[in-house]
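Please read these notes with the structure open beside you. They go through a few elements in turn.

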Amino acid sequence: MVPKVRRGSRTHGLLVYLYGPGKRDEHIDPHLVGSWDGFAPDPGRDTSADPDPKVTLARLTAALDLRVKQAGSTAPAQHVWHCSVRTDPGDRYLTDAEWNTVARRLVHAVNLAPEGDPDGCRWVAVRHADDHIHILATMVRGDLRRPRMNYDFKKAQAECRRIEKGMGLRRLKPGDGTAAKSPTSAERFKAERIGQPEAPRETLREAVRRAVTGTVTEEEFFTRLREAGLRVKIRYAPSGDAIGYNVALPGDRNREGKPIWYPGSKLAPDLSLPKIRSRLAVGPADQTTPATATSGRPGWSEPARERRNATGIAERAAILLDGDEDEAAAQLVGVGELLDAVAQTSPAATRAELGAAARAFERATRSHVRAERADTRAIRSAARGIIQAGSALGRGEDGGTTAMLLSTLVLVALAAARWHSARGHAQQAHAAQQTAEHLRAAYRQAAATSLRALHDTARTLPVTERRAHQATIRAVLPEAVLRAADSSSKTDVLTATLAQAEQAGHDPKSLLQQAIDMRELDTADDVNDVLVWRLRRLAQLPAHPSAVVGPSQTGTGRTKPAPNQTGTRTPPPTTPHPAVPAPQSRPTRR
């Protein structure tokens, strides 16, 4: 149940709209379901006194405005309190009597007309659709004083949560006032009329959010906005310093033909210029640090290297969120930028799900928790690196590293959901859960080819080697994890990865233990997949296993000869070499 509170000054004008046909003839059978005394004239159904509904509507207006007229100059200029209350699309339709109860509880909760108070404000509740009502009240009491209505919106929200529980309706998540402003009805109707999938406010919010992703300077941010095709107007103080900005969509104009501008702060609380400046003030990470240093094997593309580097940084963000400290709040903003960067550069097959994941997580990036000493340079630089590397292909090493990063981002989203839940942030926790679902869907698409290739590789291993690696898996994995991962088809990919890690010069047992110890596996949707990508990143193996790798340049383990098909071992080459295609492990393309 969603209340929407507004203030106005025209009682008669609002009643004309509520009892009229609506802007698109959507009003059906408008009538009163409740009023301050239960005897208010109803222009929709009361024809006993006068058959002309306009006359009845004038009488109702006069009754509602009586105390406003009596108060004279002491009455508030915005004397109309208007609250629309809508049930969830999945809820049952309420009866008129139930809507009357809802209206009475709300005007009581916001202190307009407390139960038992003979001097309460006058109000009516009009129903002209199955799923919602409109409450109109005039804010002058019977003793001609103004009602005390501090925090009326929050009080209405809290009462709706209680009504949902009492009436068995879907219980929505309580908010904390940090959500982005929703489009107005006029904005939604306009978008529908001109055939746009969303309101301009939502389009601009996403465009501005993407423009700030990985941005280093204020000038770069404004340049990206213009490159995205937006109209940009910067507001300056008398001193010449920029104090804010407005954006508009080309062609989005009002009745006078002027552009419709939106300030950044009206798109989302964290998109105002001061908030963006505080984000940019952190500065980029030192590109020579291990957190962002680009490494990889010859032949890996720039998008693949940046995604591999971002995976390690995302792992650290998940660990910070699991630590349950308030300082982790800053990591949520960085994770949001990382999701935006991946969505912008993803191949067509995963673009829709990743875009949905980034939009969902936007709600999870904001709360009242503030991190005073957090350092987000590494994660913002990872997002910047992905943007600068450009679009990734949906196949080969690009597709494999995308799957590697998405597997980690699923765990980051779940860690964010737990972090928010521990602080009572219901909307943010729900948004993070939704993000994880979108990321899982995108991961399944991105990982299919690489996992199929690994499965085929495992089938070509000699029986003795395959059994040796399966024994390692059983020995190292905790029993509870082993039961969840115990499937021959699933452990094949883990077996193949251990075999390639051993061929690259690593000890399979110690490497697997290192991957397990990185962080918990309880929230993993598929333990095998998570371990496979951790192992491939730790051992610097190609994310797409279409090659047999030589000894790793960064590995510290002892190089062991790779077994041939007869079970004997063939001596390895004396020097490291680039990946060479494996004759029997080429994946089948979709």
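1. Which strands does helix α6 lie across? Helix α6 (residues 200-212) lies across β7 and β8, and runs at about 125° to β7. Helices (H or I, at least four residues) and strands (E, at least two) are DSSP runs, numbered from the N terminus.

2. This is a predicted model: local features need pLDDT of at least 70, side-chain atom pairs count only at pLDDT 80 or more, and totals for chains, interfaces and linings use all residues. Residues are numbered from 1 along each chain as its sequence is written, and side-chain values use heavy atoms, with hydrogens and water left out.

3. Three strands in the order β6-β7-β8 form an open sheet with antiparallel pairing; two strands pair if DSSP finds at least two bridges between them. At the edges are β6 (231-236) and β8 (262-263), each pairing on one side only. Strand β7 (residues 242-248) is joined to β6 by six bridges. Y236 is opposite A242 in β7.

4. Helices α11 (residues 329-344) and α13 (residues 377-389) have axes that come within 8 Å and cross at roughly 10°. Axes are lines fitted to C-alpha atoms, for helices over the stretch in contact, and angles run from 0 to 180 degrees between N-to-C directions. The two helices are therefore roughly parallel (an angle under 35 degrees).

5. R307 is found in helix α10 (residues 302-322). R307 is buried, with a relative accessible area of 0%; buried means under 20% (1.4 Å probe, protein chains only). Leaving aside neighbours within four places in sequence, R307 has contacts (heavy atoms within 4.5 Å) that include V342, I386 and D398.

Technical notes: Buried < 20%, exposed > 50% of the residue type's maximum accessible area, 1.4 Å probe, protein only. Parallel < 35°, antiparallel > 145°, perpendicular 65-115°, else oblique.
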